[in-house]
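User: I am new to this structure and would like to go through it by question and answer. Please show it to begin with.

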Amino acid sequence: NESVAISKNFDAYTMLGGIYSDKNDKFYDPEKAELYYKWAINQNPNRSNYVKLRLSRLYADNESVLCDYEEALGVLNGASDTKGSVSLQQGNIYNNSNYAGYDKKTAYECYEKAAHNGNAYGMFQKGSMLIDDRNTFYNLREGVKELEKSIQLGKEPRYPGDTKQPEFVAAHIKLAGLYLNKNYEVYNVELAEQHLKEALGDIQHRLQKKYTRKTERDISSLESIYLNLGKCALEKDDPQTAKEFFTKCIQESQSGEIRDNWYTEEARIALSEVYLEEQDYDAALKVLTEPEQKDEKGRIAIQEAKIHLSLGDIPEAMRYYDKAVEKGNLTGRYYQAKIYSTAEYGVYDITKALLYMREAAEADIFVAKAGVAKLYLREDAYNPKLAAYAINTRIQPVKNLEYITESTPTSMVSGSASASPRPTGIKSHAP
């Protein structure tokens with residue numbers, strides 16, 4: 001009841017600010033939230049630490065009409081940081097690329113301070129930067145330690161009798177992605193599966209509570225969990241369980257408003273791959289096309305081409321590779337070059353192979369860069385000068401081969417871009 005606040009009640013002001021600042025609430029009104037938060041701070045400055053944090057988050061929301069990062073930082077002046085919450089919020093602001101004062105180094109220092117003060121979320125953010133930022137902070141093992149610490153700290157009771165279920169779903173999923181990636185030194189399928197199941201348990205426990213509804217964030221997390229549990233099953237040579245989890249991922253996406261996202265697309269391709277291994281070609285195609293997918297990046301078209309290639313239908317495979325290229329996925333050109341450069345497909349054409357391989361190389365497909373040099377060393381295209389040129393200009397700049405896959409752009413392996421936090425997908429196969 002808004003009239004309760006007339007009595008200048010600090011708690012009422014704070015509660016009303018919380019209601020009006022909740023985007024999921026029908027009463028969402030950031031300007032009213034700002035007003036009540038300011039009243040609460042003026043009413044009782046000694047108890048205003050938590051309110052200042054809320055107001056700062058309101059100002060730091062780039063979707064809000066009130067968005068002002070300097071205000072978001074300024075309102076935290078004088079706030080107590082005994083639990084690291086203020087340092088965490090400051091780090092989040094400096095780590096926001098929409099902020100004119102965006103500064104990763106300052107953000108890291110803030111997260112480090114929050115972690116030092118025992119803030120589990122600060123540990124998570126610090127660990128994430130150690131893992132994701134390959135240019136400045138990269139330290140995989142230390143990053144993993146910080147994430148593990150954040151989960152353990154989150155499980156500890158905050159006070160005697162605390163029954164709150166810890167929910168560090170993001171940390172569990174991120175760690176699972178690292179443990180499931182063979183390119184990382186910490187690869188461990190058992191640990192990946194353990195973290196995914198803990199994340200699943202955290203979400204399910206919370207959703208069982210009365211008046212709790214499933215959010216789009218929950219759906220996205222569940223999609224990621226099911227997708228990666230399917231990948232764990234494949235690593236353990238259990239395709240039947242993998243199919244069940246991939247199917248759950250696809251079904252989960254249908255329960256929300258967001259469709260055709262990365263997780264669903266990855267699950268469809270992975271499930272199709274399992275069916276392809278079982279030589280169930282109809283099922284492999286059906287899971288890709290029913291219901292019809294947007295396939296904005298041409299990844300599904302690449303998989304469809306692979307299925308038709310397995311069926312021996314070269315023209316249809318080429319058509320789908322062309323479809324992928326039309327969507328901007330030049331990996332299709334690499335695969336076409338492989339077909340034209342391999343006699344077993346009956347369409348051998350070294351000229352076309354070179355043309356398509358060069359096109360893929362120019363699109364920054366790493367394996368195509370090496371492919372150009374290899375083709376120039378063949379007897380019917382022998383040109384050692386061009387092979388050497390391809391090696392010197394395209395291969396040498398790549399300094400780190402740890403993260404290379406067939407479709408990995410050179411920028412991701414030469415240190416100019418951060419690797420994705422998501423785990424690698426089912427291995428892509430060249431013809």
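User: What is the average pLDDT of the protein chain?
Analyst: This is a predicted model, in which local features need pLDDT of at least 70 and side-chain atom pairs count only at pLDDT 80 or more, while totals for chains, interfaces and linings use all residues. Residues are numbered from 1 along each chain as its sequence is written, and side-chain values use heavy atoms, with hydrogens and water left out. pLDDT is the predictor's confidence in each residue, from 0 to 100. In the protein chain 85% of the residues score at least 70, and the average is 85.

User: What percentage of the 431 residues is buried?
Analyst: Buried means under 20% relative accessible area, exposed over 50%, and partly exposed in between, with a 1.4 Å probe and protein chains only. Of the 431 residues in the protein chain, the buried share is 47%.

User: How far apart are the end C-alpha atoms of helix α6?
Analyst: The expected span of a helix is 1.5 Å times one less than its number of residues. For the 13 residues of α6 (residues 104-116) this should give 18 Å, which agrees with the distance between the end C-alpha atoms, 18 Å.

User: Which helices do the buried residues of α6 pack against?
Analyst: In α6, the buried residues are A107, Y108, C110, Y111, A114 and A115. They cover an arc (taken from the directions from the helix axis to the C-beta atoms) of only 160° around the axis, which puts them on the same side of α6. The face turned away from that side carries the exposed residues K105 and H116. The buried residues pack against α5 (85-94), α7 (120-132) and α8 (140-155).

User: Is T14 buried or exposed?
Analyst: T14 is found in helix α1 (residues 10-21). Leaving aside neighbours within four places in sequence, T14 is in contact with Y37, A40, V51 and R54. Because its relative accessibility is 10%, T14 counts as buried.

User: How far apart are A387 and V372, C-alpha to C-alpha?
Analyst: A387 has its place in helix α20 (residues 384-395) and, at 1% relative accessibility, counts as buried. Leaving aside neighbours within four places in sequence, A387 is in contact with A373, Y376 and L377. A387 and V372 are 15 residues apart in sequence, and in space their separation is 7.2 Å.

Conventions
Helix = DSSP H or I, 4+ residues; strand = E, 2+ residues; numbered from the N terminus. Contact = heavy atoms within 4.5 Å.
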